[in-house]
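I opened this notebook to record side-chain contacts, looked up one pair at a time. The entries follow the order in which I looked.

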Amino acid sequence: VVDQQQFEMLPASLNSARAYRMLAMNDIPQTLYYAQQAVALAGDTAHHSRTQGLAIYGLAQFAAGNLKAADQTISDLIVYMQSIGRIADAVELVFIVADIRIMCGQLRGAYRLYQEAFQILADMGNPVLVGMEDLYRGVVDLYREWGDWQAAEDYLMAAEEFGAQAISRPDWVHRLNLTAARLKLSQGNLDAALHYADIAEQHYHRSPIPSLRTAAAIRARAWIQQGNLASARHWALEHDVTPDGNVTNLNEFDYLTLSRLLLARLRIGASDDMLQTLLNLLNRLKKSAESGGRNGSLIEIRMLQACTYASQGNISNAMSELNTALVLAEPEGYVRLFVDEGAQMRELLQKAKRENIVPDYTQRLLNAFD
């Protein structure tokens with residue numbers, strides 16, 4: 001035995017490695033088991049097997065859809081790593097907690113988390129650390145949602161510059177280009193969105209971090225906005241995204257994309273069967289989001305339900321769903337989620353304004369169209 005501590009930590013390290021492997025194989029129950037074993041065997045020792053075990057445990061909770069517990073586990077780990085001076089390791093985890101909070105509809109909570117991390121780095125003299133590129137990239141999505149294009153572009157450029165330090169993180173280029181694709185999609189630059197989605201797909205590497213959005217689904221959304229519904233339908237068939245498929249927190253983005261495809265087809269005169277198929281899918285998505293505490297998704301689902309009812313001519317139900325979506329969205333300042341839906345949403349918001357539904361917020365959204 002050359003290193004006594006490493007020898008004593010070997011059982012914990014082996015269980016941490018097993019947990020990592022199980023997570024890569026998407027075996028969540030075994031991941032949770034081995035991660036718990038790693039943490040228990042490491043005890044209170046400030047050893048990488050303990051922090052790895054906790055990180056993998058939190059990621060497994062995330063993948064399983066237990067978002068509140070995942071937030072707590074990883075947030076506690078960030079605080080712990082800061083307390084023992086492992087600032088770079090703490091910084092690397094911030095965007096994961098922020099993504100969880102965005103899924104839960106807590107945009108401002110995610111933003112505060114990023115600002116706290118930026119402040120810690122500022123207090124240290126702004127060192128260049130591996131992991132900080134994801135701070136700059138992650139906050140782009142918040143500025144995008146709030147419609148602050150200049151801040152979004154500035155932080156995306158900074159993320160790319162800091163990302164030059166991230167050569168040891170093969171999944172980084174994939175994340176960067178997904179974020180760029182979503183930004184261009186909101187800005188209406190559909191050709192650029194498709195370009196960045198293609199680059200993201202070329203650089204995809206499987207990792208333990210749950211993947212919430214795929215380049216293929218973002219590409220399908222661009223096609224839908226272009227009116228290229230044939231290509232979007234081919235995406236759904238190729239990836240087996242069907243109206244009766246099993247919805248989870250990890251594939252929810254795909255099914256929301258399918259909902260937009262069905263809605264686009266409905267708007268150009270699809271059958272009554274298509275309407276019922278879409279309503280059934282949205283109801284299943286709503287139940288899944290409600291049970292998982294994913295308020296961010298719930299706002300989007302209710303907004304899509306409003307558009308679906310409006311396409312059917314059922315304005316009463318459309319306004320009821322839109323009212324609920326607006327009440328949920330106002331405290332967090334959602335903008336692009338509504339504005340990106342285009343002319344039909346603008347008409348519904350104008351009606352909401354006339355009916356005095358969340359009037360100040362509704363007016364702010366209408367202003368964003370201009």
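Entry 1. I looked up Glu153 and found it partly exposed, with a relative accessible area of 26%; I use buried for under 20% relative accessible area, exposed for over 50%, and partly exposed for in between (1.4 Å probe, protein chains only). The model is predicted: local features need pLDDT of at least 70, side-chain atom pairs count only at pLDDT 80 or more, and totals for chains, interfaces and linings use all residues. Residues are numbered from 1 along each chain as its sequence is written, and side-chain values use heavy atoms, with hydrogens and water left out.

Which residue forms a salt bridge with Glu153? I found Lys184, with the closest N and O atoms 3.0 Å apart; a salt bridge here is a side-chain nitrogen of Lys or Arg within 4 Å of a carboxyl oxygen of Asp or Glu. The pair links distant parts of the chain, since Lys184 lies in helix H10 (residues 172-187) and Glu153 in helix H9, 31 residues apart. I take helices (H or I, at least four residues) and strands (E, at least two) as DSSP runs, numbered from the N terminus. Lys184 is buried, at a relative accessible area of 13%.

**Entry 2. Further salt bridges.** I searched the whole structure and noted 21 salt bridges. Side chains of opposite charge can pair when their charged atoms come close.

Glu341 forms one with Arg260, the closest N and O atoms being 2.8 Å apart. I placed Glu341 in the loop between helix H18 (336-339) and helix H19 (343-354), and Arg260 in helix H14 (residues 252-267), 81 residues apart. Are these residues buried or exposed? Glu341 counts as buried at 14% relative accessibility, and Arg260 counts as buried at 13%.

I then recorded a salt bridge between the side chains of Lys286 and Glu321, at 3.9 Å from N to O. This pair too links distant parts of the chain: Lys286 is in helix H15 (residues 272-292) and Glu321 in helix H17 (residues 315-329), 35 residues apart. Lys286 counts as buried at 14% relative accessibility, and Glu321 is buried with a relative accessible area of 11%. Salt bridges with shared partners also join Asp134, Arg137, Asp171 and Arg175 into one network.

**Entry 3. Aromatic pairs.** I counted nine aromatic pairs in the structure. Rings of Phe, Tyr and Trp (its six-membered ring) pair if their centres lie within 6.5 Å; planes under 30 degrees apart count as stacked, over 60 as edge-to-face and the rest as tilted.

Tyr111 lies in helix H7 (residues 107-123) and Tyr143 in helix H8 (residues 132-145), so the pair ties together parts 32 residues apart in sequence. Tyr111 is partly exposed, at 25% relative accessible area, whereas Tyr143 is buried at 10%.

For Tyr136 and Phe162, the centres are 4.9 Å apart and the planes at 35°, so this pair is tilted. Tyr136 lies in helix H8 and Phe162 in helix H9 (residues 149-162), so the pair ties together parts 26 residues apart in sequence. Tyr136 is buried, with a relative accessible area of 17%. Ring pairs link Tyr111, Phe118, Tyr136, Tyr143, Trp146, Tyr155 and Phe162 into a cluster.
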